[in-house]
Each structure stands twice: as structure tokens, then as C-alpha cells.
Amino acid sequence: MTPCNSVFRRVHVWAGPWLALTVLALGSGTGARSLNQPGPAVSRSAVHQKTDQTTPGQTGAAQSKRGSPTIPALPQVPGARPFNYLRGALPRPPARPDERMVFQLDGQDGPQTFTLRQLEALPTVRYSTYHPQLKQHAVYEGVPLRDLAALGGFVGRDVRVHASNGFVSTIRAQDYLQEPVMLAYHMDGQPIPVLKKGPLTVVLPRTPERFYTPPYSAAWVWFAERLSPVP
Ligand SMILES: Nc1nc2c(c(=O)[nH]1)N[C@H]1C(S)=C(S)[C@@H](COP(=O)(O)O)O[C@H]1N2
Ligand SMILES: [Mo]
């Protein structure tokens, strides 16, 4: 269990409704982004989390006319905690013929595939963390596994991340429900190079400390290409 005095825990405070209004008033992307500059895992920004929100992945009708991003509601699953989102879901852009499908979600209603731009339109977190295999700090941006699992209809179940080299790793529900473990697509504001384990790589926050213990080394899945629930 995460110690309650951990740094990570402390940022996960609930903001008042005024804050959600502020975030909405700021509009899409740019406004929210300015509250969340790259930096340590502890963002200076307040937390934007609304309780009366739509489920992740809902787009279109869920968006306001101005296209405000939709911050996902906290899933009604034991162990789920508010995350500090950079922004919520944007309307999913249609895939262009020149775009490659880079990720597959094995949802309960069948597989869903995503281009990079479609992944970028999902709820987004950004934080600085230390990559234990690259042995370097970087600011990563990506989709929380929890939002992908919610989109696939299997939030609360343990998940498997499949990589293009055949590697498969199981990530426990309690880990991705409590912490914003992400499928990262940006590193220091840029697409993640293959030499840095991109283009899609799973990263974990700097805390809790257990994420840096041997049982978790396999959770840092590089070349990620598919997410499924553990059968
Ligand atoms: N795609 C992929 N990701 C992976 C692995 C792998 O074999 N393939 N191995 C995991 C394990 S068990 C470890 S210890 C680290 C190894 O990363 P390194 O080879 O950069 O040290 O990556 C993790 N992520
Ligand atoms: Mo390993």
C-alpha cells in the first residue's frame, strides 16, 4: 500500500467545483496545458477532476459546443483515485488513409484500433518520472491505462500489455487504478524514439517506491501495441 504521506498521494486532492469551472472556462488544450508545465511528478497546478462527468472516450455529445476536453469521471471501482489530468478526451479524429494503426484495445465489444492522433485525443496525463531501464528522467505524456481499460469495458480487471517483440506483461488493477500508469506517446514533448523504447511505452510514476522494485521491472513495457484484460 502506498504510504499516505507519499508525495504522489498529496497531489491527489480533490479540487472544488470552481476549479472544474476554471478549467472549462480555459477551454481546450492550451488553457489546461498552461496549468501543467513539465516538471516534477508533483504538478504546481491544482487537480482537475469532476465527479459529474461522462465516461472516458465519450466524445461528440459529451463535448461542449466549444469542444472542451472531457475529464473522465472517477470509475466506480474500489481503489480508484482521482488523477491529475493534463486534459480530458477530445473528439476522436477520423483516421486518415496515410495513418498507421499503432495500438489495439481488446474491448469487450471487440478490438478497437487507434492511430497516434486518436490516442492523443484520449484523456491525457503528463508527469516527470525516472525510467529505470533508460536510467534517465523525462517528462512523459500519454493515456492512463485506467482510461484505456474503461474504454474497453474492463476497468477494474488486471490487464495485459502486449509488445511488438512478443513480450507480454500483466499489470494489476490496483496499480493502474490507484496510480496514473500510462501508455506514453511523448517524451519531453516529442514522439518517443525507438531507441528510447517508443513509439509507445508504458511508464509508471516515481512513487510509490514499489514501482522501482524488481517485481515491477516488467511493467515498463516498451514497444507496446495492444492492451487486453487478463482472461
Ligand atoms: N517490449 C518489451 N518490454 C519489456 C521487456 C521485453 O522483453 N520486451 N522486458 C521487461 C523486463 S522483464 C525488463 S527487466 C525491462 C528490461 O529493459 P532493458 O532491456 O532496457 O534493461 O524491460 C521490460 N519491458
Ligand atoms: Mo526483467
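This is a predicted model: local features need pLDDT of at least 70, side-chain atom pairs count only at pLDDT 80 or more; totals for chains, interfaces and linings use all residues.
**Ligand 1.** The residues around ligand 1 include a run from Trp 220 through Val 221 and Trp 222 to Phe 223. Ser 217 and Ala 218 are also on the list. I then sorted the shell by class. It has seven nonpolar and three polar residues. I found no charged residues in it.

I looked at one pair in detail. Strand 5 (residues 159-163) runs antiparallel to strand 10 (residues 224-229), and five bridges join them. Which residue of strand 10 is the bridge partner of Arg 160? I found Ser 228 there.

**Helix 5.** I moved on to the helix that crosses the sheet. Is helix 5 enclosed or open? Eight of its eight residues are buried, so it is largely enclosed by the rest of the structure. I noted that the buried residues include Arg 146 and Asp 147 as well as Leu 145, Leu 148 and Leu 151. Gly 153 follows the helix, and its phi is positive, near 80 degrees.

**Core.** I looked up the largest nonpolar core, which holds 46 residues. Leu 145, Met 182 and Leu 183 touch the most other members. Leu 145 also belongs to helix 5. I listed the contacts of Met 182, leaving out neighbours within four places in sequence. They are Val 125, Tyr 140, Gly 142, Val 143, Pro 144, Leu 145 and Val 203. In soluble globular proteins, nonpolar side chains tend to be buried together.

**Gly 88.** Last, I checked a loop glycine. Gly 88 sits between helix 3 (30-34) and strand 1. Is Gly 88 buried or exposed? I counted 30 C-beta neighbours inside 10 Å, so Gly 88 is buried. Pro 69 is 19 residues away along the chain, yet the two C-alpha atoms are 4.5 Å apart. Beyond four places in sequence, Gly 88 touches Pro 69, Thr 70, Ile 71, Pro 72 and Pro 123.

Conventions. Residues are numbered from 1 along each chain as its sequence is written. Chains are lettered from A and ligands numbered from 1 in the order in which they are written. Two strands pair if DSSP finds at least two bridges between them. Helices (H or I, at least four residues) and strands (E, at least two) are DSSP runs, numbered from the N terminus. A residue is near a molecule or strand if its C-beta atom, placed from the backbone, lies within 6 Å of it. Ala, Val, Leu, Ile, Met, Phe, Trp, Tyr, Cys and Pro count as nonpolar, Asp, Glu, Lys and Arg as charged, and the others, Gly among them, as polar. A nonpolar core is a set of buried Ala, Val, Leu, Ile, Met, Phe, Trp, Tyr and Cys residues joined through C-beta atoms within 7 Å. A residue is buried if 20 or more other C-beta atoms lie within 10 Å of its own, exposed if 12 or fewer, and partly exposed in between; C-beta atoms are placed from the backbone. Two residues are in contact if their C-beta atoms, placed from the backbone, lie within 7 Å.
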